[in-house]
Amino acid sequence: MAMALNKRVFLCSSTKEGFSIENTVAFYELPKIIKLIGTAEENVKKIIKSKEF
């Protein structure tokens, strides 16, 4: 739904391995997909700092 509304989608993982090719699908590479690596608190702060939701 977010993609249909031209919104960004945030995917969060605590490690970069969460986004390794073995663990992902092509959806993860679309332009509006923002991958964040860190703790839940760190990732929430990054999302809040972003200008678009």
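Guide: Quick ground rule: buried means under 20% relative accessible area, exposed means over 50%, and partly exposed is in between (1.4 Å probe, protein chains only). This is a predicted model, where local features need pLDDT of at least 70, side-chain atom pairs count only at pLDDT 80 or more, and totals for chains, interfaces and linings use all residues. Residues are numbered from 1 along each chain as its sequence is written, and side-chain values use heavy atoms, with hydrogens and water left out.

Visitor: In what order do the elements of the chain run from the N terminus on?

Guide: Helices (H or I, at least four residues) and strands (E, at least two) are DSSP runs, numbered from the N terminus. The chain has 1 helix and 2 strands. From the N terminus on, the order is β-β-α.

Visitor: How many bridges join β1 to β2?

Guide: Strands pair if DSSP finds at least two bridges between them. Here β2 covers residues 33-37 and runs parallel to β1. One of the residues involved is F10, whose bridge partner in β2 is I34. The number of bridges joining β1 to β2 is 5.

Visitor: Which side chains of β1 point to one face and are buried?

Guide: The side chains alternate along β1.

Visitor: Does S13 count as buried or exposed?

Guide: S13 is found in strand β1, residues 9-13. Its relative accessibility is 14%. Because the cut-off is under 20%, S13 counts as buried.

Visitor: Which residue has its backbone oxygen 2.7 Å from a polar atom of the S13 side chain?

Guide: A polar contact is a pair of N or O atoms within 3.5 Å; within protein, one must be able to donate a hydrogen and the other to accept it, and residues adjacent in sequence count only if both atoms are side-chain atoms. For contacts in general, the rule is heavy atoms within 4.5 Å. Leaving out residues up to four places away in sequence, S13 touches G18, F19, L36, I37, G38 and N43. As for the backbone oxygen at 2.7 Å from the S13 side chain, it belongs to T15.

Visitor: S50 reaches which backbone oxygen with its side chain, at 2.6 Å?

Guide: S50 is placed in the segment after α1, which spans 40-49. With a relative accessible area of 14%, S50 is buried. Not counting residues up to four places away in sequence, S50 touches R8 and F10. The backbone oxygen at 2.6 Å is that of I47.

Visitor: How far apart in space are G18 and E41, C-alpha to C-alpha?

Guide: G18 has its place in the loop between β1 and β2, and at 26% relative accessibility it counts as partly exposed. Its contacts, leaving aside neighbours within four places in sequence, are S13, N23 and T24. G18 and E41 are 23 residues apart in sequence, and their distance in space is 17 Å.

Visitor: What separates the C-alpha atoms of P31 and V9?

Guide: P31 has its place in the loop between β1 and β2. P31 counts as exposed, at 76% relative accessibility. P31 and V9 are 22 residues apart along the chain, and their C-alpha atoms are separated by 9.5 Å.

Visitor: What share of the residues of the chain count as buried?

Guide: The C-alpha atoms fill a box of roughly 30 × 25 × 15 Å, taken along the principal axes. Among contacts with a separation of 6 or more, residues 24 or more positions apart account for 49%. Of the 53 residues, the buried share is 23%.
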